[in-house]
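Subject: A structure to look at

Hi,

I am passing on a structure that I have been going through, and I hope you enjoy it. Please have a look at it below, and then read on for what I found.

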Amino acid sequence: MIVVAGESLIDLVPHAEGTGLAPLLPRLGGGPYNTAVALGRLGAPVAFCSRMSTDGFGDALLAGLHGAGVDTSLVVRGPEPTTLAVATVGADGSAGYTFYAEGTADRLFELPPSLPPQVRAVALGTCSLVLEPAATDYESLLRREARRGLVTLLDPNVRPGLIPDPDAYRKRFSSWLPDVSLLKLSEEDAHWLGGVPQGPGAVVLTRGGAGLTVWTRHGVEVSVPATAVKVVDTIGAGDTVNAALLHALAVRDALSPHALAALDADGWREVLEFAARAAAVTCSRSGAQPPYAHELGGS
């Protein structure tokens with residue numbers, strides 16, 4: 001099993017181009033949430049670990065997890081509202097966000113006593129590692145599970161508007177890297193963080209239309225092109241990459257730190273090509289709508 005830990009929220013996505021008063025449509029979202037749903041749609045055994053609201057949005061988010069086959073036994077519910085993210089979509093399909101997260105349910109997440117014994121990997125990232133008090137508990141989860149031998153994926157998915165002290169966040173981010181097996185960054189993330197860091201077992205950089213590149217601690221470097229597609233928007237594309245990477249590694253029995261380190265260039269090329277195909281499907285749809293396994297063929 002793969003556990004995805006972090007926030008769920010509602011993306012409010014413009015219905016059409018136009019003024020700032022264009023109608024907004026609610027979409028299920030949040031980086032970790034999208035990653036969990038994408039894993040479920042790919043057929044991976046996956047559980048979501050978070051705190052979710054008991055409001056109507058929270059009910060819809062929980063139903064979305066169930067619909068994708070995601071285990072929700074690690075989800076705690078609370079009466080606080082669901083986080084909202086108002087999206088703006090550029091002419092090239094790229095998305096920006098304004099967050100409404102004060103006093104919301106996912107900010108009160110607490111470290112669970114343990115994860116199920118069948119868990120082999122944990123994925124974290126985005127707002128959950130920024131917004132306190134939950135950020136400290138998510139950080140503790142990352143460190144605890146890494147030190148007991150699980151594969152850990154970190155996707156910072158940097159949202160500068162949520163980070164009041166960039167230098168403090170960069171320092172904290174650097175402190176996580178020794179406990180990270182697989183780091184996924186966008187080019188924008190890397191630029192904001194000051195470059196592609198060293199330390200994790202492998203770093204995957206997404207480069208938009210230019211494709212994906214991986215560097216590993218053991219000297220493997222592989223790049224693959226993006227899969228050509230007509231882009232509607234990029235919402236959820238990076239989250240789909242997270243899921244596709246983990247699923248493809250699991251298929252290759254590489255969800256352990258030792259097996260991940262042993263993956264050769266050909267193996268990484270296959271993993272990245274699968275991630276590129278999966279992300280292209282998400283980009284071809286409005287909102288975060290990751291693909292199902294039958295839409296992608298072999299992994």
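A residue is called buried here if its relative accessible area is under 20%, exposed if that area is over 50%, and partly exposed in between. Please keep in mind that this is a predicted model.

Let me start with Leu142, which sits in helix α3. Its relative accessibility is 2%, so Leu142 counts as buried. Leaving aside residues up to four places away in sequence, Leu142 touches Leu124, Thr152, Trp176, Asp179 and Val180. Leu142 and Leu154 are twelve residues apart in sequence, and their C-alpha atoms lie 8.7 Å apart.

Trp176 brings us to α4, where Tyr169, Phe173 and Trp176 are buried.

With 11% relative accessibility, Ser181 counts as buried. Beyond residues up to four places away in sequence, Ser181 touches Leu150, Val151, Thr152, Pro200, Gly201, Ala202 and Leu260.

Next, the salt bridges. The count comes to 15, and three of them are worth a visit.

- Asp179 and Arg147: the closest N and O atoms of this salt bridge are 3.0 Å apart. The pair links distant parts of the chain, with Asp179 in the loop between α4 (166–176) and β10 and Arg147 in helix α3 (residues 134–147), 32 residues away. Asp179 is buried, with a relative accessible area of 8%, whereas Arg147 is exposed at 62% relative accessibility.
- Arg148 and Glu145: here the closest N and O atoms are 2.4 Å apart. Arg148 is partly exposed, with a relative accessible area of 44%, while Glu145 is buried at 1% relative accessibility.
- Arg269 and Asp266: their side chains meet in a salt bridge of 3.3 Å, N to O. The two residues are three places apart in helix α8, so about one helical turn separates them. An α-helix has 3.6 residues a turn, so residues three or four places apart point the same way. Arg269 is partly exposed, with a relative accessible area of 32%. Elsewhere, salt bridges that share partners join Glu132, Glu139, Arg143, Arg147, Arg172 and Asp179 into one network.

The backbone has a few spots to check as well. Most residues other than glycine have a negative phi, and most peptide bonds are trans. Against that background, the peptide bond from Glu132 to Pro133 is cis, with omega near 5 degrees. Pro133 is found in the loop between β8 (121–125) and α3. Asn157, in the loop between β9 and α4, has a positive phi, near 45 degrees. Asp253 also has a positive phi, near 55 degrees, and lies in the loop between α6 and α7 (257–262). Are these two residues buried or exposed? Asn157 is buried, with a relative accessible area of 14%, and Asp253 is exposed, with a relative accessible area of 67%.

Finally, the largest pocket, which holds about 1200 Å³ of space. Which residues are closest to its centre? Of the 50 residues that line the pocket, they are Ser186, Glu188, Thr234, Ala237 and Gly238. At least two lining residues come from each of β2 (9–14), α1 (31–41), β7 (95–100), β10 (182–186), α5 (187–193), α6 (237–251) and α8 (265–283). By class, the lining of the largest pocket has 21 nonpolar, 18 polar and eleven charged residues.

Note on methods: Residues are numbered from 1 along each chain as its sequence is written. This is a predicted model: local features need pLDDT of at least 70, side-chain atom pairs count only at pLDDT 80 or more; totals for chains, interfaces and linings use all residues. Side-chain values use heavy atoms; hydrogens and water are left out. On a 1 Å grid over the protein atoms alone, a cavity is a set of points where a 1.4 Å probe fits but cannot get out, and a pocket is an open set with protein on both sides within 12 Å along at least five of seven lines; lining residues have an atom within 4 Å of a point. Grid points are joined across faces, edges and corners, and a volume is the space filled by probe spheres set on the points. Helices (H or I, at least four residues) and strands (E, at least two) are DSSP runs, numbered from the N terminus. Ala, Val, Leu, Ile, Met, Phe, Trp, Tyr, Cys and Pro count as nonpolar, Asp, Glu, Lys and Arg as charged, and the others, Gly among them, as polar. A salt bridge is a side-chain nitrogen of Lys or Arg within 4 Å of a carboxyl oxygen of Asp or Glu. Buried means under 20% relative accessible area, exposed over 50%, partly exposed in between (1.4 Å probe, protein chains only). Contact means heavy atoms within 4.5 Å.
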